[in-house]
Amino acid sequence: MTPSDAPAESANREYPAIDDVSVSVADGILSVTMNRPDSLNSLTQDMLTAIAETFERAAADPGVRVVRLGGAGRGFSSGAGLSEEDQNAKSHDAAGVLDAANRAVAAIVALPKPVVAVVQGPAAGVGLSLALACDVVLASDQAFFLLAFTKIGLMPDGGASALVAAAIGRIRAMRLALLAERLSAADAYDWGLISGVFGADELDAAVDKVIAKLKSGPAVALRKTKHAVNEATLTELEDAFAREREGQLQLLVSNDFREGTLAFQQNRRPEFTDS
């Protein structure tokens, strides 16, 4: 072991270890991978907490110069799980899930090191929030982006109301949030939602090139640049967390959410009653 290897390996053992989130540190790169590929990496409270803790610890880890956030399998993340199992678990502590999501997003934004999101497939719901909290978002041309909350009687959370609007402006943010339209990677790039789009077979090479550039860059200048841009553009993020939390907790006990979730599970159109 060389002296330069020691900090990274030592720090690696300190990161949370759960089955659904893979974490590794090598050569200055912290790789965080959401690992529920059978559900397109739908997110649980434990996963969100592990992501938050990982980024919080990375802030003080001298062995980390850049972070890669991605998902296993075909997707980045489909957001909070809507299966009966996930919803039963969520119903016991809905506030805890929202708080864990907000903590994860805040930890990514606050990390004093650059973070690259790798989006090879769907990024939806709070999964989209995690991606947009990152500093560089690179996507496959097979990826798409979706705020589908209103389809099940909910509102965006995880800071999405601030993160999306900061990236693409109010009108386009309203279009995504109210109409719940799927946005292709090409359109997301044209709108300014993501940093780059590549052919599926070119994505890994493009990601490696960007990560290598950031890893070899001036860490102090990168840190100060990230902080300055976020301070100028994400001034509403903390307030967004609070507004979304208050509204979402009310919606999560509504008849419309119960109907929206059931309709999703049964693959049919929901019949909302505005109650």
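Me: Where in the chain is confidence lowest, and where is it highest?
Reply: pLDDT is the predictor's confidence in each residue, from 0 to 100. Where it is low, the predicted coordinates should not be read in detail. Here helix α1 (residues 5–12) is lowest, at a mean of 44, and β4 is highest, at 99. Helices (H or I, at least four residues) and strands (E, at least two) are DSSP runs, numbered from the N terminus.

Me: What is the order of the strands in the sheet?
Reply: Strands of a sheet pair through backbone hydrogen bonds, either parallel or antiparallel. Two strands pair if DSSP finds at least two bridges between them. This open sheet has six strands, ordered β1-β2-β3-β4-β6-β9, with mixed pairing. Its edge strands are β1 (21–26) and β9 (196–198).

Me: In which sense do β4 and β6 pair?
Reply: Parallel, over four bridges. Ala 117 has Val 137 in β6 as its bridge partner.

Me: Which residues of α2 are buried?
Reply: Buried means under 20% relative accessible area, exposed over 50%, partly exposed in between (1.4 Å probe, protein chains only). In α2, the buried residues include Met 47, Leu 48, Ile 51 and Phe 55.

Terms used: Residues are numbered from 1 along each chain as its sequence is written. This is a predicted model: local features need pLDDT of at least 70, side-chain atom pairs count only at pLDDT 80 or more; totals for chains, interfaces and linings use all residues. Side-chain values use heavy atoms; hydrogens and water are left out.
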